[in-house]
Structures are given as C-alpha cells and as structure tokens.
Amino acid sequence: MSADGILASAEAIAADVASGKRSAVEVVTSFLAQADRTADTLRTYLHRMPEAALETAAAIDRRRAAKESLGPLAGVPIAIKDNICVRGVPTTCGSRILERYCPPYDAHVIERLRAADAVIVGKTNCDEFAMGSSTENSAYAVTRNPWDPERVPGGSSGGSAATVAACEAPLSLGSDTGGSVRQPAAFCGVYGLKPTYGAVSRYGLVAFASSLDQIGPFARTARDTALVQSAICGRDARDMTSRAEATPIDLNDLERPVAGLTIGVPRAILDEAGDALAPSIRAALTSAASAFERAGATLIDVALPHARYAIATYYLIAPAEASSNLARYDGVRYGVRRGDGDLRAMYEATRGAGFGREVTRRILLGTYALSAGYYDAFYLRAQKVRTLIRQDFLEALGRCDAILMPVTPTPAFPIGEKADDPLAMYLSDIFSIPASLAGVPGLSFPATFDATGLPIGLQLVGRPFDERTILRVARAYEREHDAASRVPPLAAAGGGAP
Amino acid sequence: MTKSGAAGNAARDRYEAVIGLEVHAQLKTKTKIFCACSTSFGASANTQVCPLCLGLPGVLPVLNGRAVEFAVMTGLAVGATIHPRSVFARKNYFYPDLPKGYQISQYDRPLCEGGGVAIRTAEGPKVIGLVRIHLEEDAGKSLHPEGREGVSTTRVDLNRAGVPLIEIVSEPELRTGEEAYQYLTKLKQILIYLDVCDGNMEEGSLRCDANVSVRPRGQAEFGTKTEIKNLNSFRYVEKAIAYEIDRQIALLESGGRVVQETLLWDSARGVAETMRSKEEAHDYRYFPEPDLLPLDLDAAWIERLRASLPELPDALRARLVRAHGIPDYDAEVLTETRALAAYYEETAARSGHPKLASNWIMTEVNAVRNKIGGSIETFPIRADRLGDLVGMVAAGRVSGKIGKQLFEKMLTDPEGPEALVQKHGLLPIDDDAALRALAREVLAANPGPTAEFRAGKEKTFAYLVGQAMKQSRGRAHPEKLQAALRAVLAEESS
Amino acid sequence: MPIDVTVVHKIASLARLKIEPKDEERYARELDAILGYVAQLQELDVTNIEPTSQVTEGAPPPLRTDEVCAFGEREEALGQAPDRDGDYFTVPQVV
Ligand SMILES: [Mg+2]
Ligand SMILES: [Zn+2]
C-alpha cells in the first residue's frame, strides 16, 4: 500500500470507493496496516475492531457492486473516542469503573456515520471521562504524540487526534468540553472542530459537563472536517439541547475567498498572557493574521474582557455538573463493583477504586461547589460570569466574522510535566475554555511547526451555528500553507517504530 | 384514639397543631416522564426499562408533553398560578433505586404556585392553601429482605423509575388529622375528575408524607416539626397525625423538646417511630438540569387547557343542587365521582323524580357497591333501567317493597323493570275479587287467629294482614287488601 | 474557608468516594489551591447579571408525544449488571 493511500483525504477516498477505483476493503486494509505499525507505540486505541471494520467495508463493496448509492463517507475509516457509545463494543471512557461495559445502543453520531457509510475502526484512548488535557489520565494507557513520542498528544481526545495525525485513520471523533478536541488537534497538527453547543446531538456521548460537552471531528483537511460535521450535525429528538439551526455545510462554500470577511484578534488577551504564550505561537498568530489580511480580510481588534475569568468559571461549572453526571457509576446496574459489607461500603469502595485521581478531584470540587452554603458563592456566581463571557463573544462576533486566537499557550508538552500539578494543567486551557463557555464554535487548524518540529495550531472562533465560516477561513489558509500535509516521521510510509 | 392518648384533654386544648402535607400523585400517562417506556402497573421486574431509566451512560431525558399537560391541568383546577417558565433541577443523592444518582425534579422555579383546596370541617368550610405543584420523576423500587436469616441483599426493580409524578405541597394550614383526611379525599377527587391520576394508594399512585408540629395556642411561631412517612391510606394519615400531635403535646407537657426527625408510621401497631437508618444531613446539591431546557409554556395553550377542563366536584355539586333541587348532602354523595354524578343525572331524568332517584342511589345502589366493591361504571344496573324503576315506584305502579325485589332481580338480570314485573308476575293485586279470594284463603289457613279476632282481639288483624301480604309475595295493594280482609271477615261472621 | 482534611472527608462522604487518609491531605492541598484560584471570581460585580446554566436559545423543541416504544435490547442492558437475582438488580442490604 502506498503512502498516498493513507495520506489521501476522506473526500478522495469516498469518491474512489463510490466510483469503484478502490474497494472499501482495500482502503480499510491499508489503514489497519498503518495502525498495526504505529498504534501500539502511540497507544492510540483502547479497542480496535479490524474484523468488524472489514465486514462493514465488504458490505459497502457489495452494495456498490449492486449499484446501490453510497453515503458521503463511503469506505472511510473513522476512529471513535471511547466516551461515545458504540453498540456491543467496549466503551470505558478510559475508566476502570467501566472496564467491561458495552453499551446496548449506538450514539446518534454513530448512527449518522453508519448511514454515511463510514467504517468504524476502533475506540480511541482518552483522559478518564474526558477530564484532562494530556490523555495521561486514562486508566489504561498513556497515548503518545506522533510528532514526538516523549510528548503528550493533548487531551482529553488525545487518542483521536494522534490516530489521525499518524494516518491510522483519516478521520476521528472526539468530544470537547473545555478544549478536548481543539487542544489535541493543535498538539498533533490536525484539524479539530468543536461545533456550536447544540449543533451535534449528545445522545450516546457519555456526559462529563452537560452544558459544555460537544462531539466534534478530527481530520487532516478543512474539507474533510466539514464533511464529517455535515454528516453528524442537526436536530435529534433524543437530545433536547440539539438544534435544527445546525445544517450541513456545502463544501463549495469553503472555497470562497476570505476577501470581505472581518477577522477579530483579541490583542488584550495575548498581551495579558505575556511570557506564558510561547513566542512560536505568538509568531504563528501574527503571521496567520497577516496572511488573512493579504488575502483581503479586514483585521480588527476585539475585546473579550471577561475571558481571563474563564478558567475559574469553568473549573466550577464543569466539575459541578460532572459530580452529578458521574453519580450513576455506583456498581449497581453496570460497571465494576467492589467492596463488601453494606450498601454504603459498596458505593464508596466501587467509586473510590473505580475513579482515578483527576476524576476524584473534580467530583470533590464539584460536590463542594454545589453543596449547601457554597452554591451562591461558587456555582451561581460562575454561571453569572459565564453570562458575561458569552456576551463578550457575541458582541465581538457582532463586529467580525471570526476570531483568530491561539488554541494553547505552548506546543505539546513532555509527558509527566504537568501530571502532578493540576492547576498548571488547568491553566493550559486558557485559550480554549472561553469559547466552550460561550457555546460558540471553535476550530483548531494546523498553522505551522516550531523550530523543533512540533506542530502549532491556531484557533478560529465563529458565530453560533456558523461553522462554515471558520472552516472557510481555515480552508483559505490551508490553500496557501497546508501544514497538515506533513506527516510525522514515525507515521511516514516505510518508517519503523521510533 | 386521642381520647386515650398520652396527653390529657386539658393539655390538648392548650395547643394547636400545624400540619402540612406533601402529596405525590402519579400522572396517568402511557409513558414515563423522560423516556418512552410504559408506565403500566404490575409488569414483571425490570421489563419496562430502557437505557434512560436504567441510568446508562450517554442517554438524555426527553420531556413527555402529556405529563406537562396533566400537571398544568391540576394547577388550573386548584387555582394555582401556572408559571410560563419553570425549570427542572437535579436533586442529588445516592440510593439503589435512583439510577442516575439524582432525581430530576423542580426546585426554585416550579410549574405551579399557590391555589387551594376547599374542604368541609367541623367548623365549616375552609380552604387549604397550596405552596406549589411541581413535576418530577419517580424512583424505582427496592425490595428489602424482611429480617430473613442469612439474607443480606436488596433487590431493585426499575419499572417505576421515571414514572411522572406531581408533588403537591400544602401550606401548613391543616389543624387536625380529620382535616388532613378531608383534604386528601378532596384532592384525590379533583385528580380523578381531571383524569390525570387514578388515585390508587395500594398501587402507590397517590402517596403522602405529613409534616406535623404543635405550638401553644396563640403563639405565632411554629414549633419544631417532624415528618411522617409510610402512610399507606388516608385513614393512616389521619391516625398517624393524631398520634403524633398527641405525642408532641405530651412530650412538651413533660418538659421535653421535639426533635426534628423523620418518623415511619407502623400501621399494625399504630405508632410512628424514628427511622432506624442514620440519616446524614441532607445536602441535595440542587442545580438546574442541563440536559433539559427550561419549560416554556405558551399562554394561549394554557388558556385552551383551562377552557377544556372538565367540570370539577364543587361546581358539579352546586349544579346538581340547582338543577335537581336535591339537598347539598345528597349532591356531595352523588359527586363522589364524575361517573356517579352522571349516573344520577340520567336516573333522575328518566324517573322524573330527582329526590327519589337520589335516595335510591344513596341507599340501594351504594349499599350494593359497598358490598361488592367497584365503581359505578361497573354497576350491573344501567341508569336508564334504574330510572324506570324509580319512576314505577314513584307512580305507585309497584310498591316500594316490590321495587326492592325488582332491584335485586335487576342486579343479575339485564332486562328492564317492566319486563321483569311481567316475567315474575309481580304486578300489584288490586282487583277486589282477587283480594277477597286471597283473604278467604288466608282466613281458612289461619283458623286460630281468625277466631281470636272474631273474639274481639283487634290486634290479630295486623297479623292476618301480614299473612295475606306474605301470601301475595308483597304484591297486594295494602289498603285494598285491608279493606278486602275486613269485608270477608264481616261477611263470614254475618 | 480553607479546605482541610475534615472538609475533604465530608465531601468525599457526600460523593460516596472512599479516599485513603494520606490522599485526603493531598486532595485538601489541591482543592485549596484550585479554590484559591477561582476566588478571583469574587472580584467581579455580578449584580443584576442573569446566570447562564445553558447557552441554548431560540424556539424550544417539541415535547415528546406520549406513545410507548419499548426498548428492544433489554437483556443486553440488564446483562451489564455486576450482580443479579433473576430479573432484579441486587445490592448489599441497606443498613
Ligand atoms: Mg418529591
Ligand atoms: Zn425507559
């Protein structure tokens, strides 16, 4: 199998499969082979499904032979973050407490992907219950960054980002609560979209923080990102927060030039970040801004005065919701039960041993924030500040079509660097969390590489349900730069394990 | 029962009880409040469950529109304010029958506030105010082993988890167990009239907890309250409240203090006792349910519901008094259910004698219903047939006695009273010749009493009348029979 | 209000989490640091600001119609239980 095969875009693969130029089995086989080479080193998957994937591919090929029409992702392998339910397939959320759990139903996005004739190839590693920024919090494995295996891939959707970066699959799904799609996308040099809250049904996404969680795609091109988003978006009667305003994106829209668009840059935030913002990222941002200006976009300065409170706000709201969402893991109806003695002892042993440190910490934090006597000072106040943060974004986006900002303050950091300092880890989400709280869409696109060869991603934040505009801006940049066409050395064809 | 209670009568008079009730009513929807599982009662364990009501990861609640409609109807019926926006909240606590580890309920922004329920008390009519009515989901069922040796597991059935409930919280305006009983009876009646709840306490579709405190008469502040649970019938509510009032008064009188606690009513022993389990201080950590949107109701929709509400017990009672000229007491009895009132109205119209129709239903019909149980809907005699019967009695076509015989036959024979009269030969005997023949027969069969009468013992005449009436199986026209008897006695002695 | 071991113990109990005593100290330190950081929210004036518990706007979706749709994979779901007695889930007795 040639490198071209696994480097091809999902769009091209689907076209080839639909036209019969390549069979779905051939496509799937080539990606499975790539994953065979790299997945164990990178620890991208918690569960691989080669047999099921080949079966699905064969069925697609048979349907093509029978002249049936195929979906827009025909024969395209896609990897699924392990907090998204796939019927009959282990779905552990990277947690011991769900060690043997297999959901009896498919998530909405899985139904949609199947309907689009995508081929599910496995469940990717993630921070336990999506809580983390490095995928070091998985109970099962530490995923490595394909660009430098000593570094983290980001998190919590680290496995999904890394698998696409390493060309083990052209597409994957992750989930983003405070940056869990955008940050690993930036660390791994791929596209990662956090859709508008409500654009994609959460039915079948294991909840972390319900008012923030969104499923989003990873891909290696802007158009592929749009393709997946179009397949999964829209209203679903099983999620009352899903919205009909989310409609499929016409890929032709992505080719429209950025001339005439206004792009806002939150200068004050960048200034305030000071030394915490890596010079390489600051430079990449400046360079991208000039590129857009040269392409005919108007650049303006936008203020997001309350964004500096985003982390404090987020680390009250998200853990509070999480503490409640994770109450169902009690060892009664599913999952691993521990302890002997009375009911309370069973609960405490099951949950005490079943959850890792980060999850425990956040449950404690959230329980505290909601408990009697602290609710007003913490949770309620955080919700009010959330209002201010959302207002900031809506006002700024009233003056511009998209906001250009960093995704992360630094490129991928070394494994273990922040593992013992939760607050430092939390602070690294400073640029991704604000858009999460505002509920607006954010796209991480690969901009360039730093001097050491680590990818640098930048973020475009858009108006509610206007994913197409930020994808269009990223596509304009991609036409000129195409940072995602570079492949990590260890993933390059013929390359061995590092 | 309080007469023999711990507190003496004199002490009892010095105190006033303050009682508030929390009623949970199961709404009569086909499906659960947040999923499409059936709510039917009595299914075998864990057959009416799905990923949502099992609390599996990843599933989300979708609100049942019918449950909202029923809750709003109830609010409208009791004159509550229906809030155009209410908010669902999570009430967090751990229990094996609570699959998600939280109950979805409403907290600081309930669906309905205010309103009241009118009751009759010894001192006259009284309206018990309502604090609120809110929507919430039921929990499942934990089946605890009952002290069996070596058995240490609790079994959990989640069929009931997620069944829609309304919680109706009264103001602390009830003063006695009897008032509580009246309030519950009235509330249940309203729910049944609305057809939003079947009111069945045995199946748990109506449940009640009582908050009870006492204070010296004239004192404005409330005393410390206790909560009584496990009240499985309205009568238990009444008894348990009386018991607890008495206990608290006796405690205060002996210099003690009431401790805020939860008590369980033991109906077998007639006592309320502290719950054994060590309760940690409740901290439910309520917060707005992020998986559900605020419930926004359209004002026009609410008005349409208001306009389509069925006639409620009080209005129906007043109308029966007005339209049929029956006493208020009769109307109260006849409006027990909407179906009974309809039955009455048809009977009254058919018979042309509303008060007599009322008497027949309140005595004959209700006596049979009390004996065989069951609602008026399943009563064996159709209203039109009963109306015919009442009409026949009223017109003197049959005697009251024959009427009752006919009624008995109609319980098992679907034919109308007229046909039954023919079939069983129950037409009255008022023909003079026939009555005289009957008299002769009876006198011949009773030579002794006949002789006694002739000897001047006037009292014996009643006996002979009775014998003749018996012989006619009640069909003989009473006055004419007497006349015939006297005539025959006279002619035979002459 | 600094977070100490007593507070951690209390909230862990509320959240039904068994935590080793040595870990309680560590969680107390970490939570104290995080809560110290989030205390910056107190500097904002939030008078008259409505809380945002959800960002969803626009017309609410229709409510569900009251029609039964039985879940077909019941055994697949119940089969996930760590312990069962026939069709029942079982748990240690509530003391
Ligand atoms: Mg309740
Ligand atoms: Zn269900």
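Donors here are N, O and S atoms within 2.8 Å of the metal (3.2 Å for Na, K and Ca), and with water not among the atoms, sites may look incomplete. This is a predicted model: local features need pLDDT of at least 70, side-chain atom pairs count only at pLDDT 80 or more, and totals for chains, interfaces and linings use all residues. Side-chain values use heavy atoms, with hydrogens and water left out.

**View 1. The magnesium ion (ligand 1) and its donors in chain B.** Along the chain, the donors follow the spacing H-x111-E-x30-E. B:Glu136 sits in strand S8 (residues 124-137) of chain B and B:Glu167 in strand S11 (residues 164-170) of chain B, so the pair links parts that are 31 residues apart in sequence; strands are DSSP runs (E, at least two residues) and helices likewise (H or I, at least four), numbered from the N terminus. The coordinating atoms are B:His24 (NE2), B:Glu136 (OE), B:Glu136 (OE) and B:Glu167 (OE), at 1.9 to 2.7 Å. Both B:Glu136 and B:Glu167 are buried (under 20% relative accessible area, 1.4 Å probe, protein chains only).

**View 2. Where H13(B) meets H15(B).** From H13(B) come B:Leu438, B:Glu441, B:Val442 and B:Leu443, and from H15(B) B:Leu464, B:Gln467, B:Ala468 and B:Gln471, with contact meaning heavy atoms within 4.5 Å.

**View 3. Chain C, end to end.** Reading from the N terminus, the elements go α-α-α-β-β. The radius of gyration of chain C (taken over C-alpha atoms) is 23 Å, well over the 12 Å that the globule rule (2.2 Å times the number of residues to the power 0.38) gives for 95 residues, so chain C is more spread out than a compact globule. Its C-alpha trace spans about 50 × 45 × 20 Å along the principal axes.

How values were computed:
Residues are numbered from 1 along each chain as its sequence is written. Chains are lettered from A and ligands numbered from 1 in the order in which they are written. Buried means under 20% relative accessible area, exposed over 50%, partly exposed in between (1.4 Å probe, protein chains only).
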